[in-house]
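Trainee: I have just opened this one and I am new to it. Could you walk me through what is there?

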Amino acid sequence: MNQLDWEREKEHVNILLATRFSPWYVAQMEYTMETGKYMGGYFVHTQIDDGTAEQFIESYKDPPGKYLLGIYNDITIDLSSFPLSYAKSIEIQLKYSVNSTEDYWHLNAWNWKANKWSDLGSSKPAAAWTWLYFTVETTDLKKLVNEIDGRVRIKITDRDSPDATLTVLNVDFLAVRVTLNGSCFKFKNNGSLTAHLVALWVIDSGGNRGRYEVSLFINPGETITYWTSITWPSGSYVVKVVTERGNVSIYSGS
Amino acid sequence: MMMEMRKILWNRRGISPVLSSLLLTVVAVAAMSIAITATYVITGNLRENMSERFIVEDVWFKTGEIAVYLHNTGRIPIKIVAVYVNYTAQSFTPLELGLSSHGWLSVAYSWDPNRVYHINVVTSRGSQVADYYKSPS
């Protein structure tokens, strides 16, 4: 065993994160009722996509003489981990079901600059009591994300539907995540020697290999975050990082 | 004039020690120069070997081929002269890597899926990088 072999054994770099998205951020408090009534469940039921939902029901409002429902909540993005300067867009996902197919269900986000709601799009269920995923993406980050605390205020509402019956809405999942303008990697040096990362490999689900040259030094025990413009197609992927001493760490994600 | 010269040459007060010291210094410097040059020449190959470092970044099992991605991390250019798969020499595309350069080394080999292969890459100076790699299923 020579010096290099000894150093290679002492070197231990881990990839903690390799992603193009932030995690899903969910509601941390109860929904505010704008119109309509609370029926059952808790806000925690809207944090996990598991078929357990919080229920709301429309109430009659005159004017305009319709059964309406409008609920909203604040979802906070961790801007210290995912600064807006590295973000391309935000994605909002709602999983819901209703007992009637007559309404259009809109997702709105609060425009913090103009102090009004922005309509991000609508979804119309094709069948009653069937879970439906409704996802919208917006690049209007500066307006829809509160730059001070990372809050995104999301409202679910039914609109423009002169329905005659009370509609029950089940919200199983409502979350927001950031789509990065590239990708984010987190490396940790668990070894006892300073590691020099020299190359980054991304192997996508199609088997395509992308090699990217890097030059990152990580002290023992240190964790670093590396932002880069590297992107890859959606689907499963493998990320490898190679050190100057020839050690390779692997991370797989999807 | 002749008398003065004779006085200097035959004067035994202090000239001989100076000359001998000077001569000894010249001899010592010359000997050291020869020794250093000899050491430099003799250990030149060793120094080159010690400066040579390369790593395998990726191994890609393709149809009828194993592609090995090499990166020269040393302080001297390298030339690959032999590749052994399971301790058997294989034909490969010639590859020379300059300082900090990298590239694919294509080794002609008909591999079987889901098996472990010992791949050893050897340079012209005798440095080797060897490891085990598993083929995809």
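Trainee: How many helices and strands does chain B have?

Mentor: In this predicted model, chain B has three helices and eight strands, and from the N terminus on its elements run α-α-α-β-β-β-β-β-β-β-β.

Trainee: What about helix α2 of chain B, how many residues does it have and how far does it reach?

Mentor: Helix α2 of chain B covers residues 15–42, which is 28 residues, and from its first C-alpha to its last it reaches 40 Å, close to the 40 Å expected at 1.5 Å a residue.

Trainee: Is α2(B) largely in the open or buried, and why?

Mentor: Of the 28 residues of α2(B), the number buried is zero, so the helix lies largely in the open.

Trainee: And for chain B as a whole, how much counts as buried?

Mentor: Of its 137 residues, 17% count as buried. The C-alpha trace of chain B spans about 100 × 25 × 20 Å along its principal axes, and the radius of gyration of chain B is 30 Å, whereas a compact globule of 137 residues would have one near 14 Å.

Trainee: Which share of the contacts in chain B joins residues at least 24 apart?

Mentor: If you take the contacts in chain B between residues at least 6 apart in sequence, 52% of them join residues at least 24 apart.

Trainee: Switching to chain A, what domains does it have?

Mentor: The domain assignment gives domain 1 of chain A as 3–20 + 182–253 and domain 2 of chain A as 25–181. Taken over C-alpha atoms, the centres of these two domains of chain A are separated by 37 Å.

Trainee: Which residues make up the contact between them, by number and class?

Mentor: Domain 1 of chain A puts in five residues and domain 2 of chain A four residues. On the side of domain 1 that touches domain 2, the largest share, three residues, comes from strand β14 (residues 168–189) of chain A, and by class that side has two nonpolar, two polar and one charged residues.

Trainee: Then where do chains A and B meet, and how many residues are in that contact?

Mentor: Seven residues from chain A and seven residues from chain B take part. Strand β15 (residues 195–204) of chain A gives the most to chain A's side, with three residues, and the residues of that side divide into four nonpolar, one polar and two charged.

Notes: Residues are numbered from 1 along each chain as its sequence is written. Chains are lettered from A and ligands numbered from 1 in the order in which they are written. This is a predicted model: local features need pLDDT of at least 70, side-chain atom pairs count only at pLDDT 80 or more; totals for chains, interfaces and linings use all residues. Two residues are in contact if their C-beta atoms, placed from the backbone, lie within 7 Å. Helices (H or I, at least four residues) and strands (E, at least two) are DSSP runs, numbered from the N terminus. Ala, Val, Leu, Ile, Met, Phe, Trp, Tyr, Cys and Pro count as nonpolar, Asp, Glu, Lys and Arg as charged, and the others, Gly among them, as polar. Domain bounds come from an automatic or database domain assignment. The expected span of a helix is 1.5 Å times one less than its number of residues. A residue is buried if 20 or more other C-beta atoms lie within 10 Å of its own, exposed if 12 or fewer, and partly exposed in between; C-beta atoms are placed from the backbone. The radius of gyration is taken over C-alpha atoms; the globule rule is 2.2 Å times the number of residues to the power 0.38.
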